[in-house]
Amino acid sequence: MSRIVFICLAAILTDALTWAQVNVEPNTALLNEGDRTELLCRYGRSINYCRIEIPGEQKVLNLSPEWSKTPGFTYFGAGLTAGQCGVSIERVKASNNGQVKCSLGVEGEELSGTIDLVVALRPQQPIIELLSRPNREGYFNEGTEFRARCSVRDGRPPANISWYIDNMPANKRTTPLEVMSSTNDNVELSTSVQEIQWHLSPEDSNRKLVCRSHHQTDRESVPPQEAAYIINVRYAPVHQPDAAVYGLYLEHTAIVNITIRASPQPKIEWTIDGAIVGQGRTDGRYSAYEPQYLGNDEYNVTLAIAGLTLEDTTKIYNLRASNELGLTDYQVRISSSSKPPSSSLDVAAIVGIVVAVAVLVLVVLLIVFARATGRWCFGGKSIKTPTNETQIDKQLELGAQQNHGQNVALLETPNGITLLGASKLREVNGNGNGNGQQDRLSVERRHHDEDDSFEYGTDRESSVYNPTTRPLKSILMSQAAGRNSRSSATDKEDGNENADLLQKGNQLGIPESRFSRWLPKDQRELIEKQAMLLSGRGKSTAPATPPKPQRPPMGTNTTVTTPTTPTTPKLPQETEI
């Protein structure tokens, strides 16, 4: 119970403190002279009056939404009943800098709040003070520690400082920014101070050191203020790599120029094959000129060689430059070449190599892709039919040896020519008949409702010509293999059967279709040529020696067959099969 009472008392006390507090907006106002601003004090309940005291103003402002009696100062807020007491200042003056006090009348008592009003004053021009003293001529020697201080006085608020060398950040060691306050005619002002230091080098000579101030009063039309100092450094002639001069003409006067840096001006001395030629003098064919000042501590040194010879281009020319701070030796080589040899590829060559490699890689990838997917030149192969007699003879002899004089069938397929022996045909057609007759070639019929699109790579209903497997007459193969041992009756019977095969499309392995199928003219000519070659070979080949007769088994009739000359079957002349 006591805990609940304590919580209630705390809530009541917090609410009371909240109502008794005056909130201000803003807490601090940073303005430039002449700016317009609004200041507001708020209370959680209705107030009876609103009074505001502004520094630099002689009287207290009693403000209300109903009236405005002081020019340049008007009431600002939602009204006294809303507990708001504010002022709108038309133009802020420098004398208004300080604390603005607002007083609010609440139920017989007065509550107050304060707002810090800072009216910025532009500081004075920055000043650079040298802490390291130069010589009487205003020069620093190389390696001297340079120290300088920048001061920005009488600013409100304090100014910030940044250092630059030739409009680039100095990136040197600096001390923390120091701010010092002072009062002038009851006006509080601030001064900012910062130091910079580093050791000087020849590159610092003739460079501009800049101290730039940044302040609240800076505007686009009013850029930041700055101070500058030119640094002058004395140093010995600066060392540099060996120089080379190209494009000189033989048998002409050669002018050899080299640029060096030094401060003050150096004295020049050339040494050629042990002979010393001072500046402004001539020794034989060699003339040394006075150094010419180019600016920024740079000097052009010139040597003239009259009647340049090829031997002169093989010499090394030693140059010595000296001043009161030291001396430096240089080596110069000359050449009659138009340009120096390139030790590396230029941009165009590099681009060309990259493009060539990219094209080569692309070609290789395309070839690999085409081979893997069977596209373009790696696509489906055409019918490979031998066109010369050598290839035909080789295949016929190979078929004869493998089948040992048995029946051989020549099949023309999309993948070339295939020789099938009688053993293969027996596997397809059976192992013979019961009467002991010779194995005969038969072609299996395909049913009308059987799909042969996969085997022949075409639609059964398509009328487009597609090469198919076509067996030729086995008698031709018999002639090619030298089979003359069969009887004339058997040869005649086989010839008739093979002729029937050529006349019947369905028995030749051609898929059944209601559309006519045509052989191309060039393929028909190749088949005719093949038949002619086979026919000619059969005529020119001597008849094979008949095998020795063997004693037949008891109870068997022996039939003697007389070899006859086979006749060449006549191929169909029509291109439509």
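# Reading the assignments in a predicted model

Author: Ser 213 is found in strand S18, residues 207–214. The model is a predicted one.

Reader: Why is Ser 213 called buried?

Author: Buried means under 20% relative accessible area. Ser 213 has a relative accessible area of 1%, and therefore counts as buried. Leaving out residues up to four places away in sequence, Ser 213 touches Pro 126, Val 152, Ala 159, Asn 160, Asp 218, Pro 224 and Gln 225.

Reader: What makes Thr 271 partly exposed?

Author: The class partly exposed lies between the buried limit of 20% and the exposed limit of 50%. Thr 271 has 25% relative accessibility, so it is placed in that class. Thr 271 belongs to strand S23, residues 267–272. Beyond its neighbours within four places in sequence, Thr 271 is in contact with Ile 276, Ile 316, Tyr 317 and Asn 318.

Reader: How do you know that Cys 41 and Cys 102 form a disulfide?

Author: The criterion is a pair of cysteine sulfur atoms within 2.5 Å. The sulfur atoms of Cys 41 and Cys 102 are 1.9 Å apart, and the pair therefore counts as a disulfide. The link is left-handed, with -100 degrees about the S-S bond. Cys 41 in strand S3 (residues 37–42) and Cys 102 in strand S8 are 61 residues apart, and the pair links distant parts of the chain. Cys 41 is buried at 3% relative accessibility, and Cys 102 is buried at 1%.

Reader: Why is the contact of Arg 149 and Glu 129 called a salt bridge?

Author: A side-chain nitrogen of Lys or Arg must lie within 4 Å of a carboxyl oxygen of Asp or Glu. For Arg 149 and Glu 129 the N to O distance is 3.4 Å, so the pair meets the criterion. This pair links distant parts of the chain, with Arg 149 in strand S12 (residues 145–155) and Glu 129 in strand S10 (residues 127–130), 20 residues apart. Arg 149 is partly exposed at 25% relative accessibility, and Glu 129 is partly exposed at 37%.

Reader: How do you know that Glu 145 forms a salt bridge with Arg 173?

Author: The closest N and O atoms of Glu 145 and Arg 173 are 3.8 Å apart, and the limit is 4 Å, so the pair counts. Glu 145 lies in strand S12 and Arg 173 in strand S15 (residues 173–174), so the pair ties together parts that are 28 residues apart in sequence. Arg 173 has a relative accessible area of 53% and is exposed, whereas Glu 145, at 32%, is partly exposed. Salt bridges that share partners join Glu 129, Arg 147, Arg 149 and Glu 195 into one network. The whole structure has 18 salt bridges.

Reader: What makes strands S2 and S5 edge strands?

Author: The open sheet has 5 strands in the order S2-S9-S8-S4-S5, with mixed pairing. Strand S2 (28–32) and strand S5 (61–62) each have a single partner strand, so one side of each is left without a neighbour in the sheet.

Reader: How do you know that S8 and S9 pair?

Author: Two strands pair if there are at least two bridges between them. Strand S8 (residues 98–106) and strand S9 (residues 109–120) have 9 bridges in the antiparallel sense, so they count as paired. The bridge partner of Leu 104 in S9 is Leu 111.

Key:
Residues are numbered from 1 along each chain as its sequence is written. This is a predicted model: local features need pLDDT of at least 70, side-chain atom pairs count only at pLDDT 80 or more; totals for chains, interfaces and linings use all residues. Side-chain values use heavy atoms; hydrogens and water are left out. Helices (H or I, at least four residues) and strands (E, at least two) are DSSP runs, numbered from the N terminus. Buried means under 20% relative accessible area, exposed over 50%, partly exposed in between (1.4 Å probe, protein chains only). Contact means heavy atoms within 4.5 Å.
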